[in-house]
Amino acid sequence: MQEMFSMYIENRRRISCIELYIEFEQSEVDRNIEVEDYDSGSDEDFESNYEIVGPGENEDGADGPMNPDVEEVANALANSHPFQEPSFMRSLDLEAMNAAEFPQYMNAELPVVADGEFTVGMEFSSREEVIKAMKDYTIRRGVDYRVYESEPTTFYAKCTHYGKGCDWLIRVTKMQKKYCWEIRRYNGSHTCTWSTISQDHSKLDSKTVAEAIKPLVEVDPSLKVKSVIAEVQSKFNYTISYRKAWLAKQKAVESIFGGWEASYEALPIWFGAMCHKEPSAVVHFETMDAYQGDDLVPDIHVLHRVFWGYYPCIRAFRHCKPVVQVDGTHLYGKYKGCLLVAVSQDGNNNIVPIAFAIVEGETSDAWYFFLSNLRQHVVTRDGVGLISDRHDSIRSAIDRSNGAWSPPRAFHMFCIRHIELNFLRKFKALYLQKLIVNIGYSRTIREYQMRYERLKERVRRVYRARFRPLGNPTTWPAYRGPRFVGNPFLRRVAKGRPKMTRFLNEMDTRMLRGPRKCKQCGAEGHSRSRCRQRGGLSAGAPGE
């Protein structure tokens, strides 16, 4: 029995479960044992027959010798009837138990032969693998095919030039007995050549590109579209369009991380798990009812707003400077919205994010939702400074806060960077940029007023000189000087439209093409609208 359990210990990591069926024969020694009633429910009887081992103790090294009667019974059972494994245990192949049902189709790589051509009898694990192999074949060979039959058990395709010098065709059928797809007919390699050279391929669609760039997107989800185009160029020797590369990246991201709808469904689950692991975290949802037409859809809610704050960030704000800066950024994706963020600053001038929110936009209600939750759950102390831009919705939300963000509990200030950008957007004077920043860093009212007056003087100096209107011509003074004429040497001699004198390049396609050809008479130099034969036959035509 000890050998059997040692075999189980050695192989239990490789197998999921082994069921043991053991039959014990009653020995002569066992018959002489006085049968006691072990079904008693008292704790004293249980403790007298079984030794309790603590969680930190070893069962083999338990204190106290074994009961002589129990030891005698165990030795008798082990010596009189030595354990021998059954025949099925001796022939048990543990590696075969873990082997796949169809190991020949478990390889993810596409089956190919040495010369890269398909062969009759080649097998594939699924219909998708067949299509993937055919697309890879046509892209690398620079050929194309047209599908003539696509059924659950059959796939039949021919070359696009079939019957015009190329007899390439392929038929793949699902084999029910083999549980695979097998090539049943194949006419060999293509004999056609493309007459035009294209930078793209019709079978190199966004789905194929997404499968090719999936490892790159999994490592770096912020992969640029230009990098996707370069990867396809190096891998397939084709230059795809920007739109196709963008769509391929979106499909790769969706296949790895899930789609937009799946992300919205996982959002409450993710927040629930976060609050379960860290009960001090803060999450606040605002949802709306979902309607299908005029009918209310039960058990489904539309996400309107959500505010959350991580407990380490909330705790970190207790040791930061009494300054909070809020700002928002637009969400660019399938669904519109804004991400609102509140940050603070530690003693080493590092930025510390403390709260987040996803809202429908930078509206007054959205900012009131964010600032009220921020004040209630994160910024609970008074005497803090709130820095923001000059957005009207923020000022409206502060006015609605019932003094929560007003003096003396808080002091609202404007970000000097936003003021600087607004000033430069209107005045276009970069040399005044430093003066604007110095005004924001003024520490006293007198210093502020002095720098502000200096700024006004610099701005007024730029626009001090004004244009005087000429007024009515009758009020102008009389001119008594000579009369002016044009320079005769600068006068154009040729009649008609001036000829172009600049050098033409490849962008001037209209200028570089040949002379116009009349569609009426076929002569060059004029168009059909100016043709003399438009009204009828020419005057010098014979037989008139």
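Begin by selecting Cys320, which is buried at a relative accessible area of 10% (buried means under 20% relative accessible area, with a 1.4 Å probe and protein chains only). The model is predicted, so local features need pLDDT of at least 70 and side-chain atom pairs pLDDT 80 or more, while totals for chains, interfaces and linings use all residues. Residues are numbered from 1 along each chain as its sequence is written, and side-chain values use heavy atoms, without hydrogens and water.

Next, display the cysteine sulfurs. With a disulfide taken as a pair of cysteine sulfur atoms within 2.5 Å, the count is zero. Cys320 is in no disulfide, and its nearest cysteine sulfur, in Cys313, lies 9.5 Å away. Move to Cys518, whose sulfur is 3.7 Å from that of Cys531, the closest cysteine sulfur, and therefore too far for a bond. Cys518 is also buried, with a relative accessible area of 3%.

Now turn to the open sheet, where seven strands run in the order E6-E7-E10-E9-E8-E11-E12 with mixed pairing. Strands are DSSP runs of E with at least two residues, and helices runs of H or I with at least four, numbered from the N terminus; two strands pair if DSSP finds at least two bridges between them. Select E6 (282–292) and E12 (410–414) at the edges: each has a single partner strand, so one side of each lacks a neighbour in the sheet. From one strand to the next, the twist averages 25 degrees.

Within the sheet, select E9 (338–345) and E10 (351–359), which pair in the antiparallel sense over eight bridges. Val343 stands opposite Pro353 in E10.

Key. Axes fitted to C-alpha atoms, helices over the stretch in contact; angles between N-to-C directions. Buried < 20%, exposed > 50% of the residue type's maximum accessible area, 1.4 Å probe, protein only.
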